[in-house]
Every structure is written in C-alpha cells, then in structure tokens.
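Please read it beside the sequence and the model.

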Amino acid sequence: MAPSQDAAGGVRPAAVTARGWGWRHAGRAKPAVHALDVDISPGERVLLLGPSGAGKSTLLHALAGVLGDINDDGESGDADESGSLLVDGAPPRERRGRSGLMQQDPETQVVLSRVGDDVAFGAENLAVPRDAIWARVHEALADVGLSHLPLDHPTSALSGGQKQRLALAGILAMRPGLILLDEPTANLDPDGVLEVRDAVARCLDKTGATLVVVEHRVSVWKDLVDRIVVLQPGTASDPAVLLDGPPDRVLSEARDMLTAAGVWVPGYVPATRRRADIRAAGTGNLLLAAEGLGVSRERPRRKGFRKIPPVPVQEGVAAQVRAGRALAVTGPNGAGKSTFALTLAGLLEPVSGKVSATVDLSRGAGIDPYTWKAEQLISRVGTVFQEPEHQFVTGKVLDELLFGPRHLGHGEDRVEELLERLRLTQLVDANPYTLSGGEKRRLSVATVLAASPQVLVLDEPTFGQDANTWAELASFLSELLDAGTAVVSVTHDAEFTAALGGAELRMSAAETVAP
Amino acid sequence: MRQQLTLDGNRALLARANPLSKFAAVVLITAVLALSIDWVSASVALVFELMLFPLAGLTLSLLWQRGWPLILAAAIGGWSTAILAPDRGRILLDAGIWTMSEGSLQLGIGFLLRGFAIALPAVLLMSCTDPTDLADALAQKARLPHRFVLGTLAAMRLVGLMAEEWQTIGMARRARGVGSRGNVVQRVKATLGQSFGLLVQAIRRASRLAVTMEARGFGGGQRTWARESTFSVLDLWVVGGGLLMAGLALGAALATGSWNMVWLGS
C-alpha cells in the first residue's frame, strides 16, 4: 500500500497520540472529552463512532488545530485543556498545514467564489510558491473528479456533493498528512454521499495520508477504514475510548450499544410502528391538488418596470394529497422537489398551473393556499423545514410549542401530549437553539403539529438524523397518518418512504450542472 | 446586490485593468463632483462616463436593469430639489406649497446630473471588476493587511447566501404562523423577528467559515498569492483618463463660472 514518493506528491502521513487528553468548552460545566488515550499510526484510517455528546467533533477540531477560539455558538472565553494531544509529536496548533478538516455544511466549506481560487486558498496560506500552487490545484481537482470544471467556474453553481469534493481538493492542495472529516456527507443526497466517499478513497490510496472520519452511517465508511474507535461521553471515572479495533470485531462486539446510541450500523433498519390497514385510515378524501404546476424559488425578475416570470425548475406537476395518505416526493438533487413541496404548502407562488384546496381543507379560506393568511395556513397545512432552526420563533421550548395555539386561540391542550409523545418534557425551559440535532428535529415537528394541520409537509425530515430519531419520527408519522392527517414528505430515504407507505411522486432531474 | 452588479464573464477592455487603478480613477472623478453642485461639471463628467460604457462592457439597457433604483433615486432627488429649494428668478410652476423657479430648477437639474455622475463611476467599476481581483489588488498592491481583505472577501460570499436564507426564513416563519402580510406594525414586527433569525444563522455560518479558513492555514504570517496582481500600460491610461475627466469637468465649470462649492452656499 505504501505509495511511491512521486504519486504521493510529497505527502508524509501523520501520527496522532493522545495521553489523558481532555477538553472543556468555555462556559460549559462538563468536559466534552475526558481522559482520552489513543494512538493512530501514520496512514491508518479510523472511523470515530459514539453517541452524540461523546466529543467526536471536539476531537476532530482539536486535531485540526482550530479548537478554542470560538465555539459553534460564536462564544469565546476560557476553555480547559488537560493531558496532551499531539500530531507528529507536537501540539496541532504548531502543525499548521499538517491536517485538513472538512465539516458538515457544504456552504461553509467554500471560501472563495471561483473554483480554482478556492482550491488554491490553503496552499497560498502555507506560502507555497505560485507555480507550484497551480500545479497542485490542477492535480487536486483531477483527484476529486472536478477537473472538467474551468478554474473560473463559480463555486455557487456547484451541488452539495461537488462543494464537498471541492473542499477536499482544497485540503489536498495543502498536502496534509492527516485528513479529518466531520460528518462530511450528512447533508448530502445518496449520490452525493457516494461521490464524496469515492473521492476520499481515491485520494487516500494515492497519498497514503492518515484519515479520521466521524459519521453516523457506518456502512458508507466501513470498507474504507481499517479501524473503528468508539467514544463515550465524558465522566470522571471512565476512559473516553469505549472500544477500539478492526471494524468487523467492533461492530459485532458493540452492535447493541451502537444501535442503542442511534448509530446506523450496517444492515440495521430500526423497527418502526406498522401502519394500520391503509384503506381503513382516515377518509381518503382529497384535500389538496396540484395541476400543471410550474415551480421556482425565484421571484419574478424586474426588467425596468416589466415583470418577467422566473424559469420554473419543474413544470406540469400533478399531485393529489388525501387525508390519511402518505405522499413521498422523490428524485435526484436539483429536481425541484423541495420547491414543489413549498409551493404545494402555500409558501411559494406557483409560476404556472395551480394548487387548489378542496372544501374539506379550505373551510372557507379560499381555494389557493398561497393567498391564505398565516393563521389560516398553519391550521390547515403545516410545513416542517429541513433546517429546524429556521422555524424557531421564541427563546424557550414551551413557548415554541404554545406559539401556534396562542395565535389561533385554541389547541393549547394538545401541547402537553406532544411534549410527552416527542420526549420534550424535560426540555420545556431550554433554549431551542441549544438542543441536539435530534431534539431540534423533534421540536420542529411538534411545533408545527401544535396547530393541528390536516396536511403535514416535511422537507427531508430524516437528513443527518441518528437511527433513534429516525425510528421515532417514522413511528409518530405513521400514527398521524392512521389518525387521518395527510403527510407529504420530500425525501431520498427509501426506508422512510417504505415505513410510511402510500404513493410516490418521482421527479426527474431538471437542468443541472453535470457532476 | 453584488451579483446583480458584477457582470459574469465580462471580457471588456476595462475588465483587464487593475482594480486599484480603476478605483483611483473613480475616486478622482467622484471627488471633483462631490465638491460642487453645478450642472456643468456634472454633465461633462456624465458625457465621458457614458462614452466609457462599451469599454466596461455595460449597455444602457443593462444599466437600467441593474441600476434602476439608483437612477430612480437620482431622479427623485432632482425633482424634490427643484420644487423645495429656495426660489430665485422667474417662477415656472406654482402649485400651492410647491413652487419651481428658474433658480431652483437649475439647482434641481444640477442635483439630478450630479447624482447620476457620481453613481455611474461606481456602477462602471463594479460591472467590470471581480471582487476577488479587487481583493488581490488591495492586499498585494495597496498593501492592506491580507487577513482583513480576505476575511471581508469571504464574508461577502456569505452575503449572497444570506439573501437566499432570508427568503427561506421568511417562508419557514410563515409556516409557523408569523405573517409577513398585514398592517405596518405587523410587518415591522415580522421583519424584526426574521432579521433576528437571519442574524443567528449568519453568526453560525460565519463561525463555521472561520473554522474552515483557519483549518486551511489562514491567519499565519507569510502567505503567497496564486494570482499576481499586476499593473500594465492600460492602468496608466485608466488613471490618466480619470485625471483628464476630473480636470475637464472642473475646468469647464470654472470657465463657465458655474462652479459652486458645496460648503460656500449659493
């Protein structure tokens, strides 16, 4: 496996040593990582697993030498470090350029607005001579499979998977001995996940660099790594590393513990509530229909005083939403699935065609959901956005849940039940922004349901969720369906679609940038 | 706004000039025009600016499409000056509280032309200058600290993202029952709430981007530049042209006796 010096492009794999290492974020009572002992030899490929709160991201940030100044909430202050964490025998901060870090959100992995400049950015910061930079840029773009793009291609025109591959190219151009990936594919569709995984595999084979990756979905990385390290949340007595060994051994020894922690172990689909006989559920009455619908997120453009309608991403879409029935909207990225769902939900104005509510749904509010007032909308069609934070409107979990009912003037009695059902009772006084990813998801579903809508629209509800949240969500939605709510979900998740049953609306790709 | 103003793939002559020399020319012209409210210097500058359009790859219809708010603002400014400024000379229009005299009309036209003449160089500069090239020039040629320049450049890319985010948050909040329609008070309240949501997202994105940049070695002392910012003969022409335009505008105003320094009053 040892790559020749030429093919490796001068990459020397890095070693990692942790001895009793611990870290407490500023302003937190509990340490994020406590008493970590681990050795990673040069060229090893390690998958880090563990429940949320085990400090996986903290460790990765520390290895990248970016821990300490600012945490994710933008707060800074005094943090505590104990023990030692070394990359090639020195603290990571003194090893600038020895490691490259990729984070979850593709939008913040791009620094500059042109593809070539973005890849060159890291190499520039390491003071690589100009001619060498461009040679590295071309090589790195070829390695991640983006060499067909011109160097001045705008980075904003790339898909999520392409942005992550671009970030990888930017890392490769620095020639790091240690590649750190923090849930690099959590925000990507299945095609994007494979794109990024395969690009990482190619680059590792070529450079022989050390890899540490954090990811919930084990099956994606299992065959690429040669070691799995399972971390556990920091306590005073227990060591941070729970298990450490070859993937197959760790997965068989810790299978129960990992599934309990919500890790997606290969071959494991969490059990969900079975739907009742679909024909018996609800009335099956038509609530909402789309005919010849053309959709776009763009508003009409102004050319002087004239209005030019936007070019729709999807045209001529027909769909029916019925009480007690599930509708899954599927298709590749960029096909306009979310845009369609938002239009159906009365949040975007149709470019062409129409969305019409039947009398069962509109109850006197008019045919077109887009013209409804906000209060009229939420008690009829509820929409759960992909990013829960976008929908938080108060500073407390309880106020979030009461917000809809208070505006409507009824339905506050349902809040208690929702809190209970979605396991939020302990969190009523917490600030929504401080919750974990799974808790935020459950809260965002609960807040929308508090207004008792007859139609529930969800945009990628299972994206980046652990197996536990996934199972809870699927079971809860199947209950809602049986109780007569219509559920429309935009999703890439075939297992989720199967768990809910119902019809599928498959959208074909609109005009997209070639991968 | 940035994406609207910068023309992608602009291959015009001025797009090849160094952003710093273009910036210097703009400052020269704008400085002269900012000193006086007269219509002679403004119209001389305006004529030259219009002649520069093809060199910057801009056309009148593109200008109208992208810059109509500026044009509208200049027109409104001129109109209100014409009717509200103290009257001098013959009264041309009398509509109760609004009167327009020869003097105030002249001042209004001066104001209108000056608005155009000051706004256009900036529009010209943006239309043929890539922000990345501007940053390169500011850091390499003007020797501004690269941390500051590149930090600003990276942040500007987030601005476009924030515009999309604004729309999404607006929809997400409507889905929670926060109406962005209704009376003025309701709208203001909704906008404030939406702004807070956007601010939270902006801070999160910015801190993540900062981590990305730091992880790519940003913030160290020494750094090289993949793109060399260079001056060429073209840049002499650009600065010379700017100087000439400023000089001609000033000269014409002085020669016709219409030079009217802002702080001296009239």
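Where in chain A is Asp88(A) found?

1. Asp88(A) lies in the loop between strand S4 (80–87) and strand S5 (99–102) of chain A. Helices (H or I, at least four residues) and strands (E, at least two) are DSSP runs, numbered from the N terminus. The model is a predicted one, in which local features need pLDDT of at least 70, side-chain atom pairs count only at pLDDT 80 or more, and totals for chains, interfaces and linings use all residues. Residues are numbered from 1 along each chain as its sequence is written, while chains are lettered from A and ligands numbered from 1 in the order in which they are written.

2. The phi of Asp88(A) is near 55°, a positive value in a residue other than glycine. Most residues other than glycine have a negative phi. Asp88(A) counts as partly exposed because it has 19 C-beta neighbours inside 10 Å (20 or more other C-beta atoms within 10 Å make a residue buried, 12 or fewer exposed, and anything in between partly exposed; C-beta atoms are placed from the backbone).

3. Ser452(A), in the loop between helix H15 (437–449) and strand S17 (455–459) of chain A, also has a positive phi, near 50°. With 17 other C-beta atoms within 10 Å, Ser452(A) is partly exposed.

4. The contact takes 58 residues from chain A and 46 residues from chain B, two residues being in contact if their C-beta atoms, placed from the backbone, lie within 7 Å. On the side of chain A that touches chain B, the elements giving two or more residues include S5, helix H3 (115–125) and H15 of chain A; H3(A) supplies the largest share, six residues.
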